[in-house]
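Please walk me through this structure.

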Amino acid sequence: MADNSEMVKTIETHFTSLKTERQPWADTVEDVLKLVIPSRSSMNVNTEPRTYTVDRDARDGTARSSVYLMANGLVSNVCSPKAPWFRTVPELPIHEDIPGFRAWFDTVDRVFYHILNTGNFYSGAYQVFVDAGTAGLGSMMMTEDLNEFTVNFTTYAPKGVYIETNALNVVDTFFHHFTLTARDILEEYPDADFPENFKKNSERKPFQRYELIHAIFPRKDRDIYKLDKINKPFASIHILLNHDVLLRESGFDSFPLSIDRYSFDSEEVYPHSPSIDGYADIQRLNEISKSTTDVAQLISNPTVAVPAELFNDYKIEPNFKLKAYDMERLPTPIPIGQGYPIGVDREVYYQNIVKDHYFTNIFLTIAASDTPQMTATEVLERQGEKATVLGGLITRLTREFLDPVFQRLFIIAARNKWIPEPPPELLIRNIPIRIDYIGPLAQAQQRFLKTQGPMASLQNFIPLLQAFPNMAFIIKEYELAKQILSGSGMPGSVIRDEGEYQAILAPILQAQAQAQQAETMEKEASAVNKGSKAPEPGSPSEALLQGEQLG
């Protein structure tokens with residue numbers, strides 16, 4: 001058996017350091033999840049039999065339902081599997097019209113959509129958004145599947161995730177702590193050198209669980225002139241924790257994970273989440289809900305003062321008849337006061353505050369509206385206004401989560417030749433490309449921001465135009481219409497370019513001018529024949545009359 005004990009000890013030492021740094025965040029997340037999603041509240045990985053925690057502490061489900069709604073809203077409005085939500089474009093729009101570029105970009109887009117649809121991306125993205133909304137940390141692993149010509153997307157629960165960042169506060173180190181049964185370990189790592197006692201124990205107890213570490217980090221001591229798996233830029237090492245066994249050593253050409261950190265500052269490695277930031281409100285709501293529930297139970301089943309002589313005979317049940325000798329001494333409910341409506345009002349008040357932490361009313365734009373009778377234009381304006389509020393959230397999500405996904409897809413697809421070679425001009429001119437996100441939420445934001453200025457300006461300009469009609473020549477009508485249409489979501493492929501527009505418009509304007517000239521000549525000729533008036537100087541009728549006189 002090869003001696004890899006030094007490497008294993010190094011990984012275990014790094015893991016211990018990461019565990020110490022993560023512990024304060026993990027303790028906080030555990031407290032928060034007990035009130036939000038109790039079944040995921042444990043932040044410890046061990047080999048004990050798995051337990052399924054039920055909700056025993058939370059008295060209000062507002063935070064839980066809001067997390068699920070936010071995750072579903074992000075999937076549906078940012079990266080929906082039911083509609084196009086991204087496209088590959090050059091960084092500068094001026095390069096869009098270079099011959100061959102758009103066809104290549106369209107091919108890349110089709111390949112990426114195929115990978116995302118076949119590689120379990122969308123269900124994984126939902127879980128990442130749930131984890132980011134609760135613990136603040138969602139992670140997705142991307143590994144190529146050469147047999148299926150796709151990429152497999154795997155999400156990891158926050159309890160087993162340990163991260164570290166570089167000097168730019170970008171995650172470049174990832175340790176995954178997890179467990180497998182002995183049988184699964186032998187199947188997954190057939191080339192590992194296991195000690196004899198582990199093999200014998202596996203035969204006796206194939207379903208006994210063991211702890212493993214998968215460590216991914218930048219390889220500082222690699223030989224850049226070698227192309228083997230142990231000299232790749234990122235190391236990938238699997239060990240059997242506490243057993244001094246190296247299970248696998250390999251590497252990646254690029255960081256193989258996309259890490260969604262919901263919110264963090266320049267000095268934080270582990271992030272915040274709406275659940276963490278709203279923990280005080282969630283706690284307060286939980287206590288208020290508990291109190292109002294207790295009060296409601298007292299109202300429906302109040303404490304009753306029972307005379308001593310009737311105590312053993314008194315029961316609370318339908319149609320019960322009590323034998324009483326003194327009508328002045330009957331069981332009497334004890335009043336509890338008038339606090340219940342106040343408690344309910346406070347409960348609703350804090351429910352709305354908790355919902356605001358998760359942007360619930362924004363994702364339920366119309367359902368949460370106070371003015372249900374709205375026109376289609378008003379609905380679009382309301383959607384745009386609310387979508388702009390999510391600007392910070394969407395920016396972080398695209399930069400932290402989606403951009404790394406596409407960077408990884410580009411590397412894998414290009415290496416395996418799943419996408420064609422780019423046009424030579426793209427390489428020669430070193431033209432940068434990017435992903436343009438065009439999902440419903442992005443469209444609502446762009447529609448609101450791009451059309452708000454032109455439409456508001458037109459509304460202010462129309463009264464001025466009515467007073468001074470010649471001011472219409474100030475506006476370039478083609479540019480104005482194109483900006484409004486594009487900003488409202490009209491596909492660029494259906495908007496004619498200005499040259500084509502002018503070519504179609506020219507004969508129409510010419511025909512209109514000729515028709516107007518003919519109509520003018522007819523009116524003036526009719527007036528001349530009736531002797532009502534002489535032709536106006538320089539008019540077509542005057543020229544016609546002069547021609548008849550010369551003849």
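A residue is buried at under 20% relative accessible area, exposed at over 50%, and partly exposed in between (1.4 Å probe, protein chains only). Tyr-156 has 15% relative accessibility, so Tyr-156 counts as buried. This is a predicted model, in which local features need pLDDT of at least 70 and side-chain atom pairs count only at pLDDT 80 or more, while totals for chains, interfaces and linings use all residues. Residues are numbered from 1 along each chain as its sequence is written, and side-chain values use heavy atoms, with hydrogens and water left out.

Now the whole protein. Of its 551 residues, 38% are buried. It has 17 helices and 12 strands. Both are DSSP runs numbered from the N terminus: helices are H or I with at least four residues, strands are E with at least two. Contact means heavy atoms within 4.5 Å. Among contacts with a separation of 6 or more, 69% are between residues 24 or more positions apart.

Back to Tyr-156. This residue lies in strand β3 (residues 150-156). Ser-139 is 17 residues away along the chain, yet the two C-alpha atoms are separated by 5.8 Å. Beyond neighbours within four places in sequence, the contacts of Tyr-156 include Ser-139, Met-141, Phe-174 and Leu-257.

Next, the nonpolar interior. In soluble globular proteins, nonpolar side chains tend to be buried together. A nonpolar core is a set of buried Ala, Val, Leu, Ile, Met, Phe, Trp, Tyr and Cys residues joined through side-chain atoms within 4.5 Å. The largest one here holds 102 residues. Trp-85, Phe-112, Phe-121, Phe-129 and Phe-153 touch the most other members. A second, separate core has 13 residues, including Leu-180 and Phe-194.

Which of its residues are buried? They are Phe-198, Asn-201 and Ser-202. These residues cover an arc of only 105° around the axis, so they sit on the same side of α6. The arc is that of the directions from the helix axis to the C-beta atoms. Their cover includes α5 (182-188), β6 (209-218) and β7 (234-240). The face turned away carries exposed residues, among them Glu-196, Lys-200 and Arg-204.

Finally, the charged pairs. A salt bridge is a side-chain nitrogen of Lys or Arg within 4 Å of a carboxyl oxygen of Asp or Glu. The structure holds 17 of them. One joins Glu-144 and Arg-415, at 2.3 Å from N to O. Glu-144 is in strand β2 (residues 137-145) and Arg-415 in helix α12 (residues 391-415), so the pair ties together parts 271 residues apart in sequence. Glu-144 is partly exposed, at 28%, and Arg-415 is partly exposed too, at 36%.

Another bridge joins Glu-249 and Arg-219, whose closest N and O atoms are 3.7 Å apart. Glu-249 lies in strand β8 (residues 245-252) and Arg-219 in the loop between β6 and β7, so this pair ties together parts 30 residues apart in sequence. Here Glu-249 is partly exposed, at 22%, whereas Arg-219 is buried, at 10%. Elsewhere, Arg-87, Glu-91, Arg-434 and Asp-436 are linked in a network of salt bridges.
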